Amino acid sequence: MISEMGTGGAEALVAGMARSGGQFGWQSAVASGGGHRAEALRACGVPTFTVPVARRRATGVLRATTATKAAIRSFRPQVVLAHNVSASLVARLAVLPGRLPLLTVFHGVAETDYTGAARILKRTSRTVVAVADATADRLRAAGVPDPVVIPNAVFPQPERVDRNAVRAVHGVAPDVPVALCPARLEPQKRHDVLLEAWAKLDGGAVLWLAGDGSLRDVLRVRAAELGVADRVRFLGNRCDVPDLLAAADVTVLTSDWEGMPIAVLESLAAGRPVVATDVDGVRQALAGGGGVVVPRRDPAATAEALRSLLFDPRARAELAEAGRASVRREHDPRLLMRSYDELLRTAIGAS
């Protein structure tokens, strides 16, 4: 269960797990508010169920709970794996305690929201999986006993479109440095900091913002105010981020908080160095190399890190190799699936 199956990192993890589960003897179904990843899963034979997004309203929770009950009656699972707090709450309302084991994968919330999240998770979930060590530490401090840490992983991607062909579609020449920010245009991601950093860069580099959200119009105005509108492309929601990664030179993420961002792991796997804020799961993801961490809300430091990579192919190549090695070593999808397989079978056996 997950709220939606669009372009986010948690959605990518769910899709990868659903596709790979057959190798471990799983029969999986996905219940969500829909999205392009749900459509892709349905096309390859994975059962999907539509559950309206609750959006923290009583009527929304009621509709979501009713749809979840119907999905459970239809699919008859032995265990429910809910991603994040909202899906966990809806799943618990749909399933009486003791009738069906419910586990939660917790991808992270803002620092101020941990207490509320922990209060709900202690009442909903038999086991809580944290996607990063720092996330587990915050959950533990907020009162969640013994969270299990299973770091996120990158599932194999199909062959992508040619790099120069992607650039041509977006009007970018082969030799122009490109930074890609694959993130929703929401306050957490702090695109305002990124735009200020971009304004400090000289040269002809281009910034691609792959994502959409409530701040789109505000950020367009801000880009114009900073004089960088001609060097920033708002690409909207994308289902071709691997293609964009192949065409970019660097990935950048200026979030205030993150769990274990799949976008960072996918960038490392694609050989794209990462510039990202020094927060929780980002710090862990880049601990093995492959990128540069910068302080939160620091446009000057972000600009300097981007400058050191965008215009230095040798530096990018060195980090790219380190990043690929780190992902192979620390974020292997086979290791992730074995860990979840053991966890789920233990929960089923104890029920």
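Asp249 counts as buried, at 9% relative accessibility, where buried denotes under 20% relative accessible area, exposed over 50%, and partly exposed the range in between (1.4 Å probe, protein chains only). The structure is a predicted model, in which local features need pLDDT of at least 70 and side-chain atom pairs count only at pLDDT 80 or more, while totals for chains, interfaces and linings use all residues. Residues are numbered from 1 along each chain as its sequence is written, and side-chain values use heavy atoms, with hydrogens and water left out.

The side chain of Asp249 meets that of Arg163 in a salt bridge with an N to O distance of 2.8 Å, a salt bridge being a side-chain nitrogen of Lys or Arg within 4 Å of a carboxyl oxygen of Asp or Glu. Because Asp249 lies in the loop between α10 (241-247) and β10 (250-253) and Arg163 in helix α7 (residues 163-169), the pair ties together parts that are 86 residues apart in sequence; helices (H or I, at least four residues) and strands (E, at least two) are DSSP runs numbered from the N terminus. Arg163 itself is partly exposed, at 26% relative accessibility. The count of salt bridges comes to 20.

Another of these pairs is formed by Asp256 and Arg190, whose closest N and O atoms are 3.3 Å apart. Asp256 is placed in the loop between β10 and α11 (262-269) and Arg190 in the loop between β7 (178-182) and α8 (191-199), so the bridge ties together parts that are 66 residues apart in sequence. Asp256 counts as buried at 12% relative accessibility, and Arg190 counts as buried at 19%.

Asp256 also takes part in a polar contact of 2.8 Å with the side chain of Arg297, a polar contact being a pair of N or O atoms within 3.5 Å, of which, within protein, one must be able to donate a hydrogen and the other to accept it, residues adjacent in sequence counting only if both atoms are side-chain atoms. Arg297 is found in the loop between β12 (291-294) and α13 (299-310), and, leaving aside neighbours within four places in sequence, Arg297 is in contact (heavy atoms within 4.5 Å) with Arg190, Val193 and Asp256.

A further salt bridge joins Asp212 and Arg216, with the closest N and O atoms 2.8 Å apart. Asp212 is partly exposed at 21% relative accessibility, as is Arg216, with a relative accessible area of 33%. Salt bridges that share partners join Arg163, Arg167, Asp249 and Arg316 into one network.

The largest cavity holds about 70 Å³ of space, and the largest share of its lining, 3 residues, comes from helix α4 (residues 85-94). Met1, Val51 and Ser86 are among the residues that line the largest cavity.

The second largest pocket holds about 750 Å³ of space. Its lining comprises 28 residues, of which Gln27, Ser28, Ala29, Phe75 and Val79 lie nearest the centre of the pocket.

Terms used
On a 1 Å grid over the protein atoms alone, a cavity is a set of points where a 1.4 Å probe fits but cannot get out, and a pocket is an open set with protein on both sides within 12 Å along at least five of seven lines; lining residues have an atom within 4 Å of a point. Grid points are joined across faces, edges and corners, and a volume is the space filled by probe spheres set on the points.
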